[in-house]
Amino acid sequence: MIETQSDRATHLAELIRWIGRPAEVVIDRPMGSMHPKFPATVYPVNYGHVPGTMAPDGSEIDAYLLGVDQPVERFHGRCIAVIERRADIEGKIVIVPAGQELTDDDISAATRFQERFFDTLIRRA
């Protein structure tokens, strides 16, 4: 768990190193599914984690899979950005299909269903 600003900065730097790298995402909340704690929230995008990684909350690094218009179980793509949650212990990485690019506005619009509850900043390499 992140306890200091230094820990938070270290975690953010680790996430930023993902930008431009390929990543496999295991989708545990496919597009169209409901949030496990807040059933009124339906995922308009695929959301999951990167296997074999570690986030500050003790689980694996979370990832939004954007640019894929159907529910999937796993996906190999490329990280194009990090969503920094300024007052939360962890950020999220943004994965897209190889060769695809999205603007910050595209990312914000696609993730607004969940990120609207946080003070966020989209980071690029």
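Where is the place of Glu90? I looked it up and found Glu90 in the loop between E4 and strand E5 (92–96), where helices (H or I, at least four residues) and strands (E, at least two) are DSSP runs, numbered from the N terminus.

**What I am working with.** I note that this is a predicted model, in which local features need pLDDT of at least 70 and side-chain atom pairs count only at pLDDT 80 or more, while totals for chains, interfaces and linings use all residues. Residues are numbered from 1 along each chain as its sequence is written, and side-chain values use heavy atoms, with hydrogens and water left out.

**Whole protein.** I listed two helices and six strands, and reading along the sequence I wrote down the pattern α-β-β-β-β-β-α-β. The radius of gyration is 13 Å, close to the 14 Å that the globule rule gives for 125 residues, so the protein is as compact as a globular protein of that length; this radius is taken over C-alpha atoms, and the rule is 2.2 Å times the number of residues to the power 0.38. Along the principal axes, the C-alpha atoms fill a box of roughly 40 × 35 × 30 Å. I also noted that buried residues make up 45% of the 125 residues, with buried meaning under 20% relative accessible area, exposed over 50%, and partly exposed in between (1.4 Å probe, protein chains only).

**Glu90 and His11.** Is Glu90 buried or exposed? Glu90 is buried, with a relative accessible area of 7%. Leaving aside residues up to four places away in sequence, I found that Glu90 touches His11, Ala55, Pro56, Asp57, Asp62 and Arg85, a contact being heavy atoms within 4.5 Å. Next I turned to His11, which is found in helix H1 and is buried too, with a relative accessible area of 8%. From C-alpha to C-alpha, His11 and Ile89 are 8.7 Å apart in space, although 78 residues separate them in sequence.

**The cavity.** I searched the whole structure and found one cavity of 30 Å³ or more. For this I used a 1 Å grid over the protein atoms alone, on which a cavity is a set of points where a 1.4 Å probe fits but cannot get out, and a pocket is an open set with protein on both sides within 12 Å along at least five of seven lines; lining residues have an atom within 4 Å of a point. The largest cavity has a volume of about 70 Å³, a volume being the space filled by probe spheres set on the points, with grid points joined across faces, edges and corners. Which residues lie nearest its centre? Of the ten residues that line the largest cavity, these are Arg8, His11, Arg85, Glu90 and Gly91. The elements that give two or more residues to this lining are helix H1 (5–16) and strand E4 (74–85), and H1 gives the most, with three residues.

The largest pocket has a volume of about 280 Å³. I counted 16 lining residues, of which Arg29, His35, Tyr47, Asp62 and Lys92 lie nearest the centre of the largest pocket. Strand E1 (22–29) and strand E2 (46–49) are the elements that give two or more residues to this lining, and E2 supplies the largest share, three residues.
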